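Have the sequence and the 3D view open as you read.

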Amino acid sequence: MIRQLSVFVENKPGSLMDVTSRLTEANVNIRAVATFDTPEFGILRLVVDKPSEAKAYLTSKGFVVRVHQVIGVELEDREGNLNQMLELLAKGGININYIYSFVIRNGRAPVMVFSTDDFEKASQILQDADVKMVEENDL
């Protein structure tokens, strides 16, 4: 499992930079980022190298931050590979709440990050299919 930060930000110019500036001050490295917005606010989802420290620092600066567990899988960069993973999960009755990806350097495959309501079952389905799971210390 990977711990992900969800930071609530106003939907206005500079709000994302305010979060990234605070993380820079705290010497936290951002590994992946995705945003989901509504007219009034956004949810900035981050995978960072030091999630506990990042949450504490951002909270001390007045941000509303939650830490969520997400699943990370390394998928070979080839046609249909994401679809195959999603098909395994769908056949297993797993709902995906959201999904995003990022690339780890050094020639490694893209990492798909997703949230579900049943982490244990999703993890077991993927492990049984020999899908490479990514853990926090792999990042």
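Start at Phe8, which is partly exposed in this predicted model, with a relative accessible area of 30%.

Now zoom out for a moment. How many aromatic pairs does a search of the whole structure find? It finds three. In one of them, the ring centres of Phe8 and Phe41 sit 6.3 Å apart. Their planes are at 50 degrees, so we call this pair tilted. Phe8 belongs to strand 1 (residues 2-10) and Phe41 to strand 3 (residues 41-48), so the pair ties together parts that lie 33 residues apart in sequence.

Next, hop over to Phe36 and Tyr98, another tilted aromatic pair. Here it's 5.7 Å from centre to centre, with 50 degrees between the planes. Phe36 is part of strand 2 (residues 30-37), while Tyr98 is in strand 5 (residues 96-103), so this pair connects parts 62 residues apart in sequence.

Ring pairs join Phe36, Tyr98 and Tyr100 into a cluster. Then look for Arg45: it lies over the face of Phe36, 4.7 Å from the ring centre. Arg45 also lies over the face of Tyr98, at 3.7 Å from that ring's centre.

Notes: Residues are numbered from 1 along each chain as its sequence is written. This is a predicted model: local features need pLDDT of at least 70, side-chain atom pairs count only at pLDDT 80 or more; totals for chains, interfaces and linings use all residues. Side-chain values use heavy atoms; hydrogens and water are left out. Rings of Phe, Tyr and Trp (its six-membered ring) pair if their centres lie within 6.5 Å; planes under 30 degrees apart count as stacked, over 60 as edge-to-face and the rest as tilted. Helices (H or I, at least four residues) and strands (E, at least two) are DSSP runs, numbered from the N terminus. Buried means under 20% relative accessible area, exposed over 50%, partly exposed in between (1.4 Å probe, protein chains only). A charge sits over a ring if NZ of Lys or CZ of Arg is within 6 Å of the ring centre and within 35 degrees of the ring normal.
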